[in-house]
Amino acid sequence: MASSATEEAKPKPRLIVRLGVFLASHHILFSAICCTAGVIALLFLPALAKNTYLSENALIPGSANTLFSTEDVLEANRFAKGIEAATGESRGGTEIPKFIAQQMKNLGAEVYYHEFLPDSKCFHPLKFFTSMTNNMAVKPNGTYTNFGINTIGIIRAPRGDGKEAIVLVTPYNSQRVQPNELLSLSLGFSVFSLLSRVAWLSKDIVWLSADSQFGEYTAVSAWLNQYHNPMFLSHPVTLATKMYGANRIIYKPDGTTEKAELMAFKRAGTVAAALIFKVGETRKYGDRDSVTMYAEASNGQMPNLDLLNVVHYLAVHRQGFRVNIETFSSLLTSSWLKVIAEVFHNIGTVLRKVNPDWKLDVTVPDYVEGTANLASSIYNQALGIPTGSHGAFRDYQVDAVSLEFGPAFHLRNENAKSSFLLRGGRLTEGVVISINNLLEKFHQSFFLYMLTAPSKFISVGVYMIPFALLLAPLPIVAAALAGSSKTKGKLLDECKTKGSADDLQIECGSWKWLKSARVLLVIQFWAVLVSLLPYYISQIPGAMPIQYAVIWAVLSIAILIILYAMFGSPFHAGVEWKLLKATMITTITLGMGLMSIINFATAQLGALILIPMCLFSRPLREQLEMTFLPRTILLVSSILLTLLGFPPVAFLIMNGLSKGSWTVDIVGDFWLWMEFLWEWSSATYLYVFLVHLPCWLLCIHVLLHPCHQPESKMKQE
């Protein structure tokens, strides 16, 4: 009676607890449903893309008539002829900066030179997250023959207080100016000349003609580093530094005052936004000139969407350009993608009949193009490497975008070139007018988004759905595996053994997860060592990339064997495979959660590769005891997903999709890819070696686990 009364008085568990227990008891079905739904939701994203719109009313693009006229085009042509003459007289690439500076001075602008050294990119673990431009500063008491010279002009706003500025950047190679770079400089100067005469400016204008002989990013980031991090020394650094040829060519022998004025680093206000524009090579296709927008910055950062919207609106609706973004061209002709597009189109048609407000019946060409653009956007964000020099501005929380004009005419066609300069100048002027209207920084629109077209985007609230669906079963599966192992441990607790109570509790009780935790710590420590090895391997002179990669692999395997010899192998430590898998899944959950904060695109791609591999992992010896059909399906799935999850193989797949070529040296190119990531301090490098690689190794341990060994050992006890 007392026991029955106690059972009746005992409160029922809460609904969320009962739901968790139910899902844990059906975790296999729940995992299959969530993973399938996550993949389908990811493929459905192009159909959910929305048209872009302006959130900041102060931008009002196109509301004012542009002043850029044919006279500015003539001035651009005169400037181009002057550059050509300076190129013929150039000695060491210094006559071009001198000519540009003189033209700026004639406009009444403040002019100065910025000398910088090439960036010596190298992997250093202690400087991984520091600014890349810290080592670009000119070092005192040294002599350099290889340096770059940026030429900067500043127009002070007649209606401003000097607190804000707009930066225009035109990159060119001072050593060998190409015809398209000459056109870029002409366009930049003509716009700068116009802005020096207008009376409506409320923000300062800075024109940076960046010397890109060492790369566009290097020139811009070196200038930005000194702009935001001034050096306060007892003597000017540049006076104590000998850059061979600079003092002799740029400055007159008796022009000490002019030299001091041109070398004094001048600043405008806080940079409100930046626009990088250049003219690319002549397109072989299309009947219209095009503009390609590049927006991805370091570690998946993107500029405010309003800046892209202004550029797109003015380029398409005002100047008649075709606006493009980067795409995976290999997907545009993919037959399997067209089949998926047909399926989604039919589903969308049915859903629209049910509810006319559900406009999900995207056409097949739009879906294919949107998927190719979305794949490129996710890939570029996941790499964590800027797609242009605009990324240097984003490192200082400045919104910037790179525009590459694609002319559809030959550059010697003077009439077409004049028309192109007219429309390009009006586009640049229109963007400057809109940014000049801002009363505060860009903040109204999205910073977290992915592009499926120049005028369509997917916001953070939508593209998080596939990631959440893929991540949802992880804690449920981990709890189910741990609970199953705990139930098994209760039966073992009833056995009578010799030894201390503490040993019994650790061996058979609730503390047995410490063994799997020890395995995890050993593997994580190994992963840290593997991620640091390139710093020492790269010191070997004269080796080929494939040799570096082989040395890296051999040392990694040797270190793993040594660690297992010191701390014990998981195969001989009596670790249950269920606890090992639960530990692996917990690690994935934490790693993916942290990575989604740093770079969501990396976490999205990682979840798509890693989570199915880990959920399907099961000891091969246990799979052999199943019936033929389940055993075959599970065995093939486990091996295939584990192979696809191996980092070099995953790199091969992504590289093949991005370039459309599958002929690649997987070993050597993987080293170059990793070298590329650590040179740019990409957080994806840390993800690959601190999250992905340890989980892949744990998955291998689960597959090769001798699942019957612990049970036989416990029976003997």
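Modeller: Helix H20, residues 545–567, gives the most to the nonpolar patch: three residues. Helices here are DSSP runs of H or I with at least four residues, numbered from the N terminus. The model is predicted: local features need pLDDT of at least 70, side-chain atom pairs count only at pLDDT 80 or more, and totals for chains, interfaces and linings use all residues. Residues are numbered from 1 along each chain as its sequence is written, and side-chain values use heavy atoms, with hydrogens and water left out.

The patch is formed by Met544, Ile546, Val550, Val554 and Val667. Together they have about 410 Å² of accessible area (Shrake-Rupley method, 1.4 Å probe, only the protein chains shown counting as cover). Patch residues have over 30% relative accessible area and no salt bridge, and nonpolar side chains (Val, Leu, Ile, Met, Phe, Trp, Tyr) are joined within 5 Å. A salt bridge is a side-chain nitrogen of Lys or Arg within 4 Å of a carboxyl oxygen of Asp or Glu.

Met544 sits in the loop between helix H19 (513–537) and H20. The UniProt annotation "transmembrane region", from an unreviewed entry, covers residues 519–537 and 549–567, among others. Such annotations may be inferred rather than shown by experiment. Over residues 519–537 the chain is 100% helix, with end C-alpha atoms 27 Å apart. Residues 549–567 are also 100% helix, and their end C-alpha atoms are 27 Å apart.

Aromatic rings come next. Tyr548 and Trp552 belong to a cluster linked by ring pairs, which also includes Phe670 and Trp671. Rings of Phe, Tyr and Trp (its six-membered ring) pair if their centres lie within 6.5 Å.

Conventions:
Patch = residues over 30% accessible without salt bridge, like charges linked within 9 Å, V, L, I, M, F, W, Y side chains within 5 Å. Helix = DSSP H or I, 4+ residues; strand = E, 2+ residues; numbered from the N terminus. Phe/Tyr/Trp six-rings, centres within 6.5 Å; stacked < 30°, edge-to-face > 60°.
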